[in-house]
Amino acid sequence: MTTATVSRWDRFRESFFWYSFKRDKVAIASFAVLLLMVLGAVFAPLLAPTDPYDLAQINIMNSELPPVGMSGADTAFPLGTDAQGRDLLSTILYGTRVSLMIGFGAVVLQAALGILFGLLAGYLGGKVDAILMRIADVQLSFSTLMVAIIVGAVFKASFGNLMFGEIAIYMLIFIIGVAEWPQIARTVRASVLAEKKKEYVDAAKVMGFGTPRIMFRHILPNTLSPIFVIATVQIANAIISEAALSFLGLGMPETQPSLGSLIKSGFDYIQSGSWWITLIPGLVLVVLVLVINLLGDWLRDVMNPRLYKG
Amino acid sequence: MLAFLVQRISQAVLVMFVISVIAFAIQDGLGDPLQEMVGMSVSQEEREAIREELGLNDPMVVQYLRFAGNAIQGDLGNSYFYSKPTLEVIAEHLPATLELVIGASLIIVFLSVPIGVYSAIRPEAWLSKFFMGVSTVGISIPVFLTAIVLIQLFSIGVTVDWFPADTGWGRWLNDVFTTEGGLPSYGRGDELTHLFGTWESGFFTTEGILHLLLPSISLASIMLPLFIRLIRAEMMEVLQSDYIRYARAKGLSSGRIHFLHALKNTMLPVITVGGVQIGIMVAYTILTETVFQWPGVGLMFLEAITRSDIPLIVAYLMVVGLIFVITNTLVDLVYGLVNPTVKLTGKKA
């Protein structure tokens with residue numbers, strides 16, 4: 001067992017993947033920043049000075065304190081406080097956690113849907129292909145954000161505010177996952193079309209394997225690298241979509257804020273001069289999305305230089 | 001060509017049918033017209049009688065056909081909040097959104113073409129690299145955040161005193177980063193010119209244009225990076241082609257080559273993508289209008305959601321769906337007309 005892991009580690013260290021990563025400063029820097037943010041989000045309960053979900057720790061007297069470095073700041077709140085007196089550093093750590101959770105969850109869901117439909121469309125072809133891809137075309141022409149807003153609006157109207165707030169995380173994962181599946185399905189379908197002409201697929205057919213087995217065990221592993229690339233970029237897109245939905249009030253409630261709902265709640269106070277409540281979470285959101293996009297760009301160059309940029 | 005036309009139009013009708021089914025399902029699933037019409041005191045029997053009279057007990061298909069028939073005749077019900085026909089409400093809000101989209105499109109066209117062409121002609125110049133870097137960052141900034149930053153900078157204003165004010169360069173740097181603010185960031189202003197029907201335009205007064213400025217820049221910012229990259233990529237490809245080389249050999253001036261010969265062929269794919277993107281911009285108008293309290297259809301839709309104004313939500317879906325379908329079909333048809341190499345009918349590759 002140990003020998004297997006060692007050899008795998010060695011193989012990784014000698015791979016082109018690791019080689020090109022070491023030589024790309026932008027990729028290293030992006031990865032470092034992303035790692036820092038993910039760790040901060042995962043360990044938010046340990047790192048955050050206060051628990052923003054715990055009403056007992058919030059004092060309304062501390063509301064709208066500016067970040068350290070400006071007059072009137074309190075060193076207990078390094079990034080200042082929001083209008084409810086919550087420590088901004090803590091809410092941002094917890095907010096990044098919520099945003100990342102929704103981003104990953106939505107991409108897992110859209111990858112599942114996209115892989116399934118993409119495989120079916122590409123491998124079976126014919127009517128299945130025509131119907132699935134037509135649905136994908138129509139959905140994409142409406143833009144994924146529009147679809148997400150409409151589905152979100154319908155859910156909110158049918159569940160009511162309170163109920164929607166409680167299950168908002170799952171709702172958002174579902175909404176964004178369903179809205180964005182065509183992106184992955186198209187990529188999968190394109191690689192399946194190329195793969196299914198190859199000899200190993202014919203060999204598998206001759207050996208009498210069933211269609212599901214050929215699709216999932218033989219073709220799918222060979223289409224994974226473009227899926228991986230597009231999934232990375234899709235995480236960034238999902239985080240932006242979540243922020244947009246939350247900003248419109250169709251996402252996370254203020255009591256359990258994501259980065260988007262932090263920006264939204266801060267926006268109401270920007271006219272009174274408290275720019276930090278909205279702009280600091282905004283900056284965190286932009287950095288998070290930017291480093292994921294940069295990593296995605298790098299992955300695309302490494303894994304397949306000819307892949308279409310989605 | 002006729003077969004192509006018929007194919008595209010029947011496809012558009014099919015998509016519109018699906019949208020109307022979804023809209024009908026939303027109306028049926030969420031709205032109970034009875035609750036809006038009668039009070040609490042009405043007895044169960046009376047309610048049943050009204051239901052029967054309104055046709056709410058009819059089979060689904062019959063109810064859908066009635067809904068679709070009314071929709072085709074331009075009747076999508078009355079808004080609960082405005083208590084007038086929903087289409088009238090939308091018609092009142094539509095000009096504001098259209099002006100926002102026009103403003104943003106103007107900014108996109110006048111910035112993306114020169115920048116894209118420049119960075120294609122001189123890909124190694126530092127200015128091109130700067131534009132490419134900015135557009136990478138630009139893609140990562142959500143539209144509502146751009147809007148908020150613009151409000152902070154140009155409406156509220158920023159006073160910078162990070163640099164020592166007792167030195168000349170310190171004062172200069174402080175001045176450079178300090179912004180005045182003062183631009184309007186709320187609504188469309190009072191001085192609107194009445195054009196026709198429900199169209200009140202902000203294009204003809206200084207105040208109207210000032211109000212339009214920040215919202216259209218925000219809306220343009222989301223599409224600008226995409227268009228710059230697209231024009232650059234297409235232009236670079238065109239510049240590689242033989243006819244450009246012959247034009248150079250013939251001794252034509254570089255300005256004539258770039259802007260007359262190359263740009264023409266660059267714009268073809270750009271126009272198709274652009275047509276589709278203008279449809280997609282409708283989604284972003286919801287965000288932009290929310291930030292700037294711009295009284296267009298996007299803000300109206302969002303308010304309809306908070307007020308559970310189901311008929312208005314449904315009408316918005318139908319109208320926006322129609323706009324999407326029409327723009328997409330037109331773009332397809334225009335592309336088929338302009339580019340003779342496109343395969344008009346037959347299966348998609």
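This passage describes the interface between chain A and chain B in a predicted model, and then the domains of chain B.

In the predicted model, 37 residues of chain A are in contact with 38 residues of chain B. The size of an interface is often expressed as the accessible area lost when the parts come together. For chain A and chain B, the buried area amounts to about 3,200 Å², with 80% of it on carbon and sulfur atoms. Of the area that chain A buries against chain B, 16% is supplied by F142(A), M146(A) and L248(A), which is more than any other three residues supply. Between the two chains, the count of salt bridges is zero, and one residue pair is in polar contact, with both residues at pLDDT 80 or more.

On the side of chain A that touches chain B, at least two residues each come from α6 (126–141), α7 (144–159), α12 (224–247), α13 (259–267) and α14 (276–303) of chain A. Of these elements, α14(A) gives the most, with nine residues. When the residues on this side of chain A are divided by class, 26 are nonpolar, seven are polar and four are charged.

Turning to chain B, an unreviewed UniProt entry places the feature "transmembrane region" at residues 12–30, 100–118, 130–154, 209–231, 266–287 and 313–338. Over residues 130–154 of chain B, the model is 88% helix and 0% strand, and the end C-alpha atoms are 23 Å apart. Residues 209–231 of chain B are 100% helix and 0% strand, with the end C-alpha atoms lying 28 Å apart.

The domain assignment of chain B gives domain 1, comprising 1–30 + 85–338, and domain 2, comprising 34–75. The centres of these two domains, taken over C-alpha atoms, are separated by 41 Å. Contact between the domains involves 10 residues of domain 1 of chain B and seven residues of domain 2 of chain B, and the two domains bury about 650 Å² between them, 75% of it on carbon and sulfur atoms. F24(B), D28(B) and L87(B) supply 60% of the area that domain 1 of chain B buries against domain 2 of chain B, more than any other three residues.

Between domain 1 and domain 2 of chain B, the count of salt bridges is zero, whereas one residue pair is found in polar contact, both residues being at pLDDT 80 or more. On the side of domain 1 of chain B that touches domain 2 of chain B, α1 (2–30) and α13 (310–338) of chain B each supply at least two residues, and α1(B) gives the most, with seven. By class, this side of domain 1 of chain B has seven nonpolar, two polar and one charged residues.

Methods
Residues are numbered from 1 along each chain as its sequence is written. Chains are lettered from A and ligands numbered from 1 in the order in which they are written. This is a predicted model: local features need pLDDT of at least 70, side-chain atom pairs count only at pLDDT 80 or more; totals for chains, interfaces and linings use all residues. Side-chain values use heavy atoms; hydrogens and water are left out. Contact means heavy atoms within 4.5 Å. Buried area is the accessible area (1.4 Å probe) that two parts lose on being put together, summed over both. A salt bridge is a side-chain nitrogen of Lys or Arg within 4 Å of a carboxyl oxygen of Asp or Glu. A polar contact is a pair of N or O atoms within 3.5 Å; within protein, one must be able to donate a hydrogen and the other to accept it, and residues adjacent in sequence count only if both atoms are side-chain atoms. Helices (H or I, at least four residues) and strands (E, at least two) are DSSP runs, numbered from the N terminus. Ala, Val, Leu, Ile, Met, Phe, Trp, Tyr, Cys and Pro count as nonpolar, Asp, Glu, Lys and Arg as charged, and the others, Gly among them, as polar. UniProt positions are given in the numbering used here, feature names are shortened, and annotations may be inferred rather than shown by experiment. Domain bounds come from an automatic or database domain assignment.
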